[in-house]
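These are my notebook entries on what I looked up in the structure below.

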Amino acid sequence: MDPRTLLSGDQITEMGLPDWRSMYGALEARFRTGDFATGLRLVERIGAAAEEAGHHPDVTLTYLWVHVLLTSHDVGGKTQRDVDLARRISDFAADLGAASDPASVERIEIGLDTADRHAIKDFWKAVLAMKDGAEDDEIVDPNGVTPTLWFQQTDPHDEPRQRFHIDVRVPPEEAERRIDAGLAAGGRIVSEANKPRFVVLADAQGNKVCICTHVTRSH
């Protein structure tokens, strides 16, 4: 396989990476180190491997955990290079006794209902200092800090119906727990038509959230 070939989350799941989860265009893992010194040793090993491979992840070090995000920026998604480096990082973590915590990995996006995204897309790019994403219906923060804003196609409507909603990307095995927790907290299911890709929930006032996974997606 060409190491630049984009891989879907479903393809990567079949490759057997138990520590890692596919989150949009990236692979992510969180390793519980238990203390800062262990986390620092893990980061040092990751850095050396990244230099050797010429392929560099985003790494966040805290007192209790190390979060790693792998993506191939040159092609805009996940490739075999990410899979190979992920395996090495998992080996480093296991050697240091740092267990992965896949359930804690999540990504939040903001969705804006619109009948014509092209009429408003440039405005939101300007006020949020964002750029076009990999898909035509999204804009992203080039620094990776602000959540992605994407435009949900809807029918034309009056201004009071305009509504943002939150997309929460979680690992597939975590989705059902989040849905059950939302229902127990007074929510309701709006639609399961696209499950397990996403399930739409609403709170008691009708505000919606989508619990999303990588399943059946290309990214």
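**Entry 1: His 55**

I worked from a predicted model. I looked up the accessibility of His 55 and found a relative accessible area of 9%. The residue counts as buried because this value is under 20%. I located His 55 in the loop that runs between helix 2 and strand 3 (58–61). Next I listed its contacts, leaving out residues up to four places away in sequence: His 55 touches Ala 50, Thr 71, Ser 72, Arg 81, Asp 82 and Leu 85.

**Entry 2: the nonpolar cores**

I then asked which residues have the most contacts inside the largest nonpolar core. They are Trp 20, Leu 27, Phe 31, Leu 42, Val 68, Leu 70 and Ile 89, in a core of 21 residues. I noted that at least two residues of this core come from each of strand 2 (26–32), helix 2 (36–53), strand 4 (65–70) and helix 3 (80–96). Helix 3 gives the largest share, seven residues. Another core, also recorded here, lies apart from this one; it has seven residues, including Val 170, Ala 175, Ile 179 and Ile 211.

For Val 68, I set aside neighbours within four places in sequence and found contacts with Trp 20, Leu 27, Glu 28, Ala 29, Phe 31, Ile 46, Pro 57, Asp 58, Val 59 and Ile 89.

**Entry 3: Gln 80**

I placed Gln 80 in helix 3. Beyond its neighbours within four places in sequence, Gln 80 is in contact with Met 1, Pro 3, Thr 5, Leu 7 and Met 15.

Note on methods: Residues numbered from 1 in each chain as written. Predicted model: local features only at pLDDT ≥ 70, side-chain atom pairs only at ≥ 80, totals over all residues. Heavy atoms only, no water. Core = buried A, V, L, I, M, F, W, Y, C linked by side-chain atoms within 4.5 Å. Buried < 20%, exposed > 50% of the residue type's maximum accessible area, 1.4 Å probe, protein only. Helix = DSSP H or I, 4+ residues; strand = E, 2+ residues; numbered from the N terminus. Contact = heavy atoms within 4.5 Å.
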